[in-house]
There are 2 protein chains.
Amino acid sequence: MNDVSGNLFVLNSIGIIHSPNKNKAPHQTLDNDQGEFKIVLDKKFVKGLHLLDNFNYIYVIYYLDKVMRDNKMIISPPWANQQDVGVFASRSPNRPNPIGISVVKVKKIIDNIIYISGIDAFDGTPLLDIKPYIDQLDAKSDANYGWVNKEDNENHLALHIQGIPHKH
Amino acid sequence: MNDVSGNLFVLNSIGIIHSPNKNKAPHQTLDNDQGEFKIVLDKKFVKGLHLLDNFNYIYVIYYLDKVMRDNKMIISPPWANQQDVGVFASRSPNRPNPIGISVVKVKKIIDNIIYISGIDAFDGTPLLDIKPYIDQLDAKSDANYGWVNKEDNENHLALHIQGIPHKH
């Protein structure tokens, strides 16, 4: 049975993402090698992790519960010289359905805890789903950077990948 | 404001995915070059598409509303010699939160309609979000196939990428 009521869908948190990055932390550079990024899955789902550690990368799908939403369709990232960009052409957390997706490495899985590489999500973020990142389906060698200036933003994107807080 | 009530989150459909693949269609091979895959976004969100066509690939995030859910944590895909696999180590649509994610090419965008390459979603599937697929964030050249036998499944995965119905 689906949780469908008209056009509304109800989802449930199935776990919690833990990160060194607290909601109220000042935006500053951390040495995240000293921090720990992990997902604590609700124990009732633990069997669902069987063979997940065979994958180099996984998708982590989460609910962006810390975001103030104002439903702007055009945003202007300060790091992008305040260029006007549609919200769907951005990874801004301020979007109509506040779903976040990150590709992370699986380091190890112990019981219901998945130790992962850096993730750009605050500590305590509710988990919605985990999926394997499968080479042929998901790794596109002809992907590009769209409107993002590759040269200007390689370092900035690397901070997102590593889950390192930084000024925006 | 977030739509948070305890651990429940409410999301809204923001558009509809259209595909040649109807819910009740027999599983058979279609020539999808003759079919059309497109996303019709609710017109009130159309400004959010600004510059999206700069990207070669996008993520399409949708609600798997056609799936009968039985909350099994272990599944046995027939195409994988019925190997036991955890649901989070699979892309099965039958999962605790029925969110689907597909990486597709953007062909063209006209007003609120995004013409895309093949997507493995039934016609009429509710859209939850669109995000740009950004090379450095999302394209992992060292991704692997996990428990999936690459040689046996290249053709099978290609059918998923093209959105071609097939026996399972």
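Which residue of strand 10 of chain A is the bridge partner of Ile58(A)? In the predicted model described here, local features require pLDDT of at least 70 and side-chain atom pairs count only at pLDDT 80 or more, while totals for chains, interfaces and linings use all residues. Residues are numbered from 1 along each chain as its sequence is written, and chains are lettered from A and ligands numbered from 1 in the order in which they are written. The bridge partner of Ile58(A) in strand 10 of chain A is Pro132(A).

Chain A contains two helices and ten strands, where helices (H or I, at least four residues) and strands (E, at least two) are DSSP runs numbered from the N terminus. The order of these elements from the N terminus on is β-β-β-β-β-β-β-β-β-β-α-α. Of the 168 residues of the chain, 41% count as buried, a residue being buried if 20 or more other C-beta atoms, placed from the backbone, lie within 10 Å of its own, exposed if 12 or fewer do, and partly exposed in between. Among contacts in chain A (C-beta atoms, placed from the backbone, within 7 Å) between residues at least 6 apart in sequence, 75% join residues at least 24 apart.

Six strands of chain A close into a barrel in the order 3-4-9-8-5-10, with antiparallel pairing; two strands are taken to pair if DSSP finds at least two bridges between them. Neighbouring strands of this sheet are turned by 45 degrees against each other on average, direction ignored, with axes fitted as lines to C-alpha atoms (for helices over the stretch in contact) and angles running from 0 to 180 degrees between N-to-C directions.

Strand 9 (residues 113–116) of chain A has a covered face, formed by Ile114(A) and Ile116(A), and an uncovered one, formed by Ile113(A) and Tyr115(A). Four bridges join strand 9 to strand 4 (residues 37–41) in the antiparallel sense, and four join strand 9 to strand 8, also antiparallel. Ile114(A) stands opposite Ile39(A) and likewise opposite Ile109(A). In the hairpin of strands 8 and 9, which has two residues between the strands, Asp111(A) takes a positive phi near 55 degrees.

Between the chains, 68 residues of chain B are in contact with 68 residues of chain A. The elements of chain B that give two or more residues to the side touching chain A include strand 2 (8–12), strand 5 (57–63), helix 1 (135–138) and helix 2 (150–162), while strand 10 of chain B gives the most, with six residues. By class, this side of chain B has 40 nonpolar, 15 polar and 13 charged residues, with Ala, Val, Leu, Ile, Met, Phe, Trp, Tyr, Cys and Pro counted as nonpolar, Asp, Glu, Lys and Arg as charged, and the others, Gly among them, as polar. Strand 2 (residues 8–12) of chain A and strand 2 of chain B pair in the antiparallel sense over five bridges, and Leu8(A) has Asn12(B) as its bridge partner.

Methods
Contact = placed C-beta atoms within 7 Å.
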